[in-house]
Amino acid sequence: MAATDQNKESNPILRVFSAILRKKFYILLATGITYLAGFLYLRYTPTIYSITCKVQIDIGLNGALDSKMGDQVNGLLREQTETIMVIIKSDNNLRRVIQNLKLHVEYSDVGRLRETTLYGSAPFIVEYDTVHFKMFETPIYIKGHHANTCMISVGNTDDFIEVKYNETLAVNNSKLKIKLIGEPISPERVIKFVVHTEDHQLGQIRSRFGMTRAESVELFNMTYLDENTERGKDILGQIIKIYFENEQKINEESFNKQIHFINEFTNNLKDSLDLSKQALLDFEYRNKIYKIDLIGAEAQEKQKKYASIQQQIQSSKSIYPVIIRQLDSVASTLRQEKIYLPFFIKTEAEQANLLLDALVQLIEERNQLADVVSRRSVMVIRRDESIQETVDKIKKTLWYTIQVEPDLLRQLKVESQQAERDLLNKPDILRQYELTSSNFTYYDELVSENRRKIQTLNLAKAALVSRSQIVNPPSVLPTPVSPKKQLITYISFLSGLLLSIGFIVVKEFTKQRISFKAELEATTELPVIAEIANSKEIKKNHLHVLTNRKSMVTESFRALRNSIQFFKGERKATYITVTSTISGEGKSFVSLNLASILSLLDKKVVLLDVDLRKPRLYKTVGISNNSGITTYVIGKDEWEDIVQGTGYVNFDVIPAGPIPPNPSEMITSKRFGELLEKLGEHYDYVVMDTSPLGLVSDALSLLKYSDLNFYIFRADYSKKMYLKFIERVVIEHDIKKLYIILNSLDLMIQKYGYGYGYGYGYGYGYGYGYGYGDGHNYYSESANKKSWWRKFYEKWLV
């Protein structure tokens with residue numbers, strides 16, 4: 001049984017488990033404290049919610065993904081989305097949000113432990129001089145006073161002054177007005193407002209606003225974090241609204257530019273139309289030609305077709321150089337703050353028209369981006385490179401259209417030759433008439449076409465509807481972003497639990513104090529003869545075995561008494577010395593109760609207080625200390641005079657007597673030896689309570705003289721290094737028959753399998769106050785009572 005229990009004592013897992021069970025109250029306390037801290041944190045920390053919405057934004061080039069130039073356009077679209085994000089987050093847009101929602105002044109209700117943001121519900125508004133105002137970011141507190149007045153404090157809530165509503169107030173070289181818009185503030189209510197700078201608000205909105213591209217190129221997810229959900233919804237809605245307004249304005253300006261360009265071009269064509277018409281009329285008048293049917297129907301049709309094709313070629317040759325010059329103008333302004341944005345005439349080449357539209361879109365984006373970021377930024381430089389690349393592709397396409405279409409050129413050649421042959425067969429007058437008429441027809445049709453284009457553009461402008469739209473309106477996610485209630489609850493609970501258990505585990509493996517018998521037996525070869533249980537009753541009466549004969553403490557002393565009977569020496573009396581390393585380990589308690597339990601055997605027992613430096617035993621027993629060992633050694637008294645009864649049968653006590661100047665010499669004196677011999681003749685047991693061996697060497701001579709030497713270790717008090725000290729003393733001074741007694745053994749150690757012998761179940765703390773502390777107060781007149789924090793430190797941290 002003993003071996004099994006000893007194995008349990010040395011098992012580290014069971015040791016830790018035992019320590020955790022013994023300290024379960026502290027674990028529950030630590031867990032409760034951290035859980036309460038988490039609860040208070042959640043209770044008084046502002047809750048931040050996430051407001052989200054999904055928006056579709058028209059990025060232009062509709063249907064381009066399916067065109068022949070899909071890869072190029074895809075790259076343009078990706079760049080366009082990046083540009084849109086930068087524009088939406090630009091300072092210009094966010095400043096308009098701040099101005100529209102009047103976010104410069106922030107109001108909040110001041111509570112005892114936290115503040116609640118007031119958005120749109122404050123009973124007053126603050127008006128201030130934006131030019132000369134100097135109290136930005138300064139908290140100003142207002143509380144109610146009367147119907148027409150309130151109390152105001154700048155920077156703190158202690159120094160209030162009375163002011164009137166709706167009147168200009170001069171404070172700290174700043175002017176402001178508190179304009180009441182609701183019911184007057186009650187005297188118990190305190191409202192704080194702060195006037196923020198625009199830069200502060202910009203930084204706050206930018207830090208809380210997020211935008212990412214969703215599953216589609218034109219879909220974007222927008223989020224905003226705010227403790228006030230209504231304010232978050234309004235800010236997110238304003239950001240979207242302002243961007244849509246800017247987009248509509250840009251589209252309208254684009255239509256206006258196109259209409260303006262076509263009007264100017266048409267006005268220029270009117271001059272050519274008037275000249276060709278006048279030339280036709282003059283020709284008809286001079287040659288008296290009034291009927292066009294003089295020309296054969298077949299020849300007329302071929303001539304018209306020839307003239308149309310010829311004019312188309314001439315038009316292309318005349319328009320393409322203009323486009324080339326415009327492209328060169330664009331390229332020449334790439335390094336400037338703004339790029340020249342022309343309106344390009346549509347050509348007959350579909351591919352060239354697509355690239356021209358893309359170029360116009362790129363130039364508009366680049367100019368918008370230059371308003372937001374620096375011209376030397378990477379995004380602007382990348383956009384300039386895309387513009388230059390598109391310009392080069394347009395030039396190549398135009399060159400290809402004019403020079404490298406052999407089928408069209410051959411068809412034009414055949415038709416023109418046929419038309420020439422037909423004209424050669426006609427009179428010169430008719431041929432000249434057809435040429436003159438064809439010029440008029442060309443200009444007339446061109447002017448009519450431009451007028452139709454202007455009408456179409458005006459109709460499109462009137463019915464302009466952007467493809468950008470809100471897919472999902474701003475909504476609040478049900479779960480707050482912070483604080484994470486469930487996570488913090490788990491963390492607060494587990495942190496206290498794990499930290500307290502971890503602290504106990506670390507303390508268990510790093511502790512320097514002895515807790516149970518196995519630690520003694522694993523560290524030293526000195527035999528452990530007994531374990532003394534603890535009991536709270538010891539604080540009331542230190543003669544425990546005589547007043548509580550059925551307690552477990554008394555039972556442990558009976559076991560010790562049984563062991564002592566096997567160590568009967570050659571002398572009539574058995575001499576027993578009880579000592580320890582330092583004070584507070586319970587040697588006097590063990591001496592007193594050991595003598596008491598021996599007296600119950602109907603044996604005469606005398607207890608000597610040999611701690612001549614700090615005598616305390618007489619106070620415990622309740623006897624006088626005027627005479628004792630010191631008065632006997634100096635010859636003042638005889639041994640019969642210093643023996644005092646305790647009131648119990650067979651149990652006498654000899655106190656130390658007045659404190660001498662030379663205690664060591666008295667103990668080693670011949671007369672003290674004679675005292676011990678005389679006591680041995682009259683008593684069966686002579687028990688000597690000595691001074692702590694770790695502090696003074698007074699007890700060394702007694703250890704050599706005694707039949708039994710008991711060295712006291714107190715559980716969870718005595719340090720392991722004391723074992724090395726006593727082992728060295730035993731070896732150096734050849735001490736015989738020295739046995740260890742483990743005192744104040746905790747019931748919990750025994751209960752959970754880390755001790756054996758008696759199953760002690762009472763538990764005590766030492767309260768009889770011999771006052772040595774840890775040895776530091778041994779030579780002082782009185783010991784200081786330990787404070788609660790000192791006890792906690794020694795119990796848990798040492």
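Trainee: Which strands does helix H24 lie across, and at about what angle to S20 does it run?

Mentor: This is a predicted model, in which local features need pLDDT of at least 70, side-chain atom pairs count only at pLDDT 80 or more, and totals for chains, interfaces and linings use all residues. Residues are numbered from 1 along each chain as its sequence is written, and side-chain values use heavy atoms, with hydrogens and water left out. Helices (H or I, at least four residues) and strands (E, at least two) are DSSP runs numbered from the N terminus. Contact means heavy atoms within 4.5 Å. Axes are lines fitted to C-alpha atoms, for helices over the stretch in contact, and angles run from 0 to 180 degrees between N-to-C directions. Here H24 (residues 721-733) lies across S20 and S21, at about 165 degrees to S20. Helix H16 (residues 552-564) lies across S14, S15, S19, S20 and S21, at about 160 degrees to S14.

Trainee: In what order do the 8 strands of the open sheet come?

Mentor: Two strands pair if DSSP finds at least two bridges between them. The order is S14-S21-S20-S15-S19-S16-S18-S17, with mixed pairing. S14 (528-533) and S17 (644-645) are the edge strands, each pairing on one side only. S14 runs parallel to S21 (residues 738-745), joined by 4 bridges. Ala533 stands opposite Leu745 in S21.

Trainee: Is Glu585 buried or exposed, and how far away is the nearest side chain of opposite charge?

Mentor: Buried means under 20% relative accessible area, exposed over 50%, and partly exposed in between (1.4 Å probe, protein chains only). For charge, Lys and Arg count as positive and Asp and Glu as negative, while His and the chain ends are not counted. A salt bridge needs a side-chain nitrogen of Lys or Arg within 4 Å of a carboxyl oxygen of Asp or Glu. Glu585 is buried and has no salt bridge; Arg513, the nearest side chain of opposite charge, is 7.9 Å away. Glu585 sits in the loop between strand S15 (574-580) and helix H17 (587-599).

Trainee: With which side chain does the side chain of Glu585 make a polar contact?

Mentor: A polar contact is a pair of N or O atoms within 3.5 Å; within protein, one must be able to donate a hydrogen and the other to accept it, and residues adjacent in sequence count only if both atoms are side-chain atoms. The partner is the side chain of Ser718, at 2.3 Å. The Glu585 side chain also reaches the backbone nitrogen of Ile582 at 3.0 Å.
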